[in-house]
Amino acid sequence: MWCFATSGAIYFFVKAIASCTGSAASVLLALVLSTGCRPRQEPPNAGHLPPAIVRVQTVESKKHLASEEVVGTVRAKLRASIEAKVSGRIEKMLVAPGQSVKAGELLLQLDSREIQARLDQALVLREQSGRDTERLRRLLTQNAVSRQEFETVESRQQVAVASVAEAESMLGYTKVVAPFAGVVTRKLADVGDLASPGRSLLEMDDPTALRLEADVPESLIGRVQLGASLNVRVAAEDRPIQAVVSEIAPAADSASRTFNVKLDLPTSAGLRAGQFARVSVPVSESETLRVPMSAVVQRGQMELVFVIANRQAQMRIVKTGKRIGSELELVSGVEAGEQVVVEGAIQLRDGQPVEAK
């Protein structure tokens with residue numbers, strides 16, 4: 001217990017009470033008695049707390065492969081820009097972006113009336129030239145016509161047959177089909193637009209086979225080898241993806257001084273063409289101290305770990321480096337061989353007894 005009033009203060013209050021009468025004196029006396037003494041609040045001692053059950057791990061120096069990240073884009077290995085081989089108005093558009101199609105499936109239909117008329121004309125000429133050829137063949141056996149006349153009519157029939165084949169091919173080009181199984185990614189024309197050779201109408205990709213395309217600086221290209229496995233990070237994936245280098249451009253781009261590198265990606269549900277990605281190019285190998293991420297406690301702007309010494313938790317302020325998988329690099333604050341708390345560190349206090357489980 002501790003007294004709020006000192007001896008001088010008590011004398012003052014007693015004198016004040018004596019000068020008061022009646023109810024005023026009673027109120028003043030009650031105020032002195034209610035505020036004069038109260039229990040003392042002492043801060044708890046961490047050494048008097050019960051032992052905390054924690055899990056510890058020894059800080060080890062581990063090899064770390066230093067790397068530099070190069071940005072890239074996920075693309076489909078097989079992608080196509082769909083064009084028409086003949087000119088014509090688009091009569092039917094049968095697909096939309098995001099739609100899956102099979103190889104040979106009809107994507108769009110062009111107006112074929114003009115080409116159909118040419119085919120009909122070529123068919124008539126073929127039939128007529130065929131009849132003329134048969135008639136002159138019979139006359140040739142009877143020596144009624146010359147060999148030259150027969151060969152002229154026969155050549156005319158061959159031209160008519162070729163014209164029919166050409167018209168049939170042109171008619172087939174009015175039906176634009178999928179060159180492979182995939183997904184339509186862009187639609188660049190619609191019904192009523194004029195299709196012509198060289199104008200892209202649709203774009204499609206094969207999402208089952210993806211790769212990463214990255215422009216690697218010339219200072220790093222010497223560390224990239226064909227067939228090497230590199231770590232790739234994509235926002236949609238929590239863990240790095242192993243990609244295999246499949247192509248390296250033999251010459252650098254004269255403007256950017258970079259080499260285009262392509263890496264084959266494994267099949268994953270989270271990967272899509274067009275995604276942003278980073279590939280880690282190894283540079284050097286170094287030794288670093290690492291601990292699990294659960295060992296580092298964030299308190300305000302400080303990063304702390306608890307080191308176990310004499311069965312007590314000692315708080316250490318540390319400086320962390322890079323995140324490597326599920327571990328954090330410790331630049332300073334601890335040494336190799338010390339034991340740090342990796343489970344139960346959040347509730348610990350400096351100097352608190354601990355028991356390792």
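**Exercise 1.** Find how many bridges join S3 to strand S23 (residues 339-343), and in which sense the two run.

*Solution.* Start with the count: 4 bridges join S3 to S23, and the two run antiparallel. Strands here are DSSP runs of E with at least two residues, numbered from the N terminus, and two of them pair if DSSP finds at least two bridges between them. Then look at strand S24 (residues 354-356), which pairs with S3 (residues 52-58) in the parallel sense over 3 bridges. There, Val 54 stands opposite Ala 356.

A word on the model: it is predicted, so local features need pLDDT of at least 70, side-chain atom pairs count only at pLDDT 80 or more, and totals for chains, interfaces and linings use all residues. Residues are numbered from 1 along each chain as its sequence is written, and side-chain values use heavy atoms, with hydrogens and water left out.

**Exercise 2.** Work out the strand order of the open sheet that holds S5, and name its edge strands.

*Solution.* First, the order of the 4 strands is S5-S12-S10-S7, with antiparallel pairing. Second, the edges are S5 (79-83) and S7 (100-101), each of which pairs on one side only. One of the partners to check is Met 204 in S12, the bridge partner of Ala 80.
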